[in-house]
Amino acid sequence: MCGRYTSTRGPQDLKQLFQVTDWNPAETLAPSWNVAPTDEVYAVLERTARGDGDEVRRQLRALRWGLVPSWAKDPKVGARMINARVETVHEKPAYRRAFAKRRCLLPADGFYEWEPVKDEATGKTRKQPYFIHPADGQVMAMAGLYECWRNPDVTGDDDPDAWLVTCTIITTEATDAAGRVHPRMPLALTPDHYDTWLDPHHHDTGELRALLIQPADGQLNAQPVSMAVNSVRNNGAHLLDAVT
């Protein structure tokens, strides 16, 4: 799975990297070295602009991590839906509509996973966190889905509180450095596949799944980091400092 990641690039960088046309400065997020479920995260997606016919615009949005299906009775379900397995994402009721129509990219510098390690001194097992990231330092465009949930307690559709937009990360079996730490890892896309993945009019399941690859083509580094990352209250660049 992918349960924590880092996202420190600002909107100006992301707009250029992903050729974004629409962005609302009110949705600016602070850099985070410890992104956790239910946090607001940057997502790149494409939507048809209101009043512009069929024109599709590429947006940079702040969405809540943890997908809430449109039919959910309680948005709290999103806390359990932070990842979608690539093997079944096109079939599961919670994800299949989003996979067909509402795909996004979730920019990241890297992600965290935990490896069980036996403490020789005490004999107890603890979980050692690792920061896993592209060896070349490039951004990871993690494949994601997003969904819109209508709050039944809010009357007007134009009320900002009427809609909750959430997202999930698509994962696969881990390989390379990530596979030595944890059996699952997020999937990613290369820049030449951004347009097809984001196009809301592209519905071919087979073609879409074929676009998903290992982050950085499997060229990942995994470095052990401080257990301070275990607490969502901790944040800052020091979380990436390597430990022995």
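T38 sits in the loop between β3 and β4, where helices (H or I, at least four residues) and strands (E, at least two) are DSSP runs, numbered from the N terminus. Its phi is near 75°, a positive value in a residue other than glycine. This is a predicted model, so to speak of a local feature takes a pLDDT of at least 70, and side-chain atom pairs count only at pLDDT 80 or more, while totals for chains, interfaces and linings use all residues. Residues are numbered from 1 along each chain as its sequence is written, and side-chain values use heavy atoms, with hydrogens and water left out. At 40% relative accessibility, T38 comes out as partly exposed; buried means under 20% relative accessible area, exposed over 50%, and partly exposed in between (1.4 Å probe, protein chains only). Q19, in the loop between α1 and β2, also has a positive phi, about 55°, although it is not a glycine. With a relative accessible area of 58%, Q19 is exposed. As background, most residues other than glycine have a negative phi.

Q19 turns up again among the contacts of R58 (contact means heavy atoms within 4.5 Å). R58 is part of strand β5 and is buried, at 7% relative accessibility. Leaving out residues up to four places away in sequence, R58 touches F18, Q19, V20, T21, D22, V44, L45, E46, Y194, D195 and L198. R47, by contrast, belongs to strand β4 and is partly exposed, with a relative accessible area of 32%. Beyond its neighbours within four places in sequence, R47 is in contact with E55, V56, R57, Q59, Y146 and C148. R47 and G218 are 171 residues apart in sequence and, C-alpha to C-alpha, 31 Å apart in space.

Next come the charged pairs. Side chains of opposite charge can pair when their charged atoms come close. With a salt bridge taken as a side-chain nitrogen of Lys or Arg within 4 Å of a carboxyl oxygen of Asp or Glu, the count comes to 10. One of them joins D109 to R9, with the closest N and O atoms 2.5 Å apart. D109 lies in the loop between β7 (103-108) and β8 (110-118), and R9 in the loop between β1 (4-7) and α1 (11-17), so this pair ties together parts that are 100 residues apart in sequence. D109 is buried at 16% relative accessibility, whereas R9 is partly exposed at 22%. Another salt bridge links E147 and R102, at 2.9 Å between the closest N and O atoms. Here E147 is in strand β10 (residues 140-150) and R102 in the loop between α2 (96-101) and β7, so the parts held together are 45 residues apart in sequence. E147 is buried at 5% relative accessibility, and R102 is buried at 15%. R61 and E27 also meet in a salt bridge, 3.7 Å from N to O. Since R61 lies in strand β5 (residues 56-65) and E27 in the loop between β2 (22-23) and β3 (32-35), the pair ties together parts 34 residues apart in sequence. D22, E55 and R57 are linked in a network of salt bridges.

As for the interior, a nonpolar core is a set of buried Ala, Val, Leu, Ile, Met, Phe, Trp, Tyr and Cys residues joined through side-chain atoms within 4.5 Å. The largest such core has 33 residues, and those with the most contacts inside it are F18, L105, L145, I170 and W197. Two or more residues each come from β4 (40-48), α2, β10 and α4 (194-198), with β10 giving the largest share, 4 residues. I170 is in contact with A84, V86, V89, F99, A143, L145, M185, P186, L187, W197 and L212, leaving aside its neighbours within four places in sequence. Apart from this core lies another, of 26 residues, among them C2, W65, M140 and A174.

V181 is in helix α3 (residues 176-181) and is buried at 11% relative accessibility. Not counting residues up to four places away in sequence, V181 touches E113, W114, E115, Y130, I132 and A222. V181 and Q128 are 53 residues apart in sequence and 9.2 Å apart in space, C-alpha to C-alpha.
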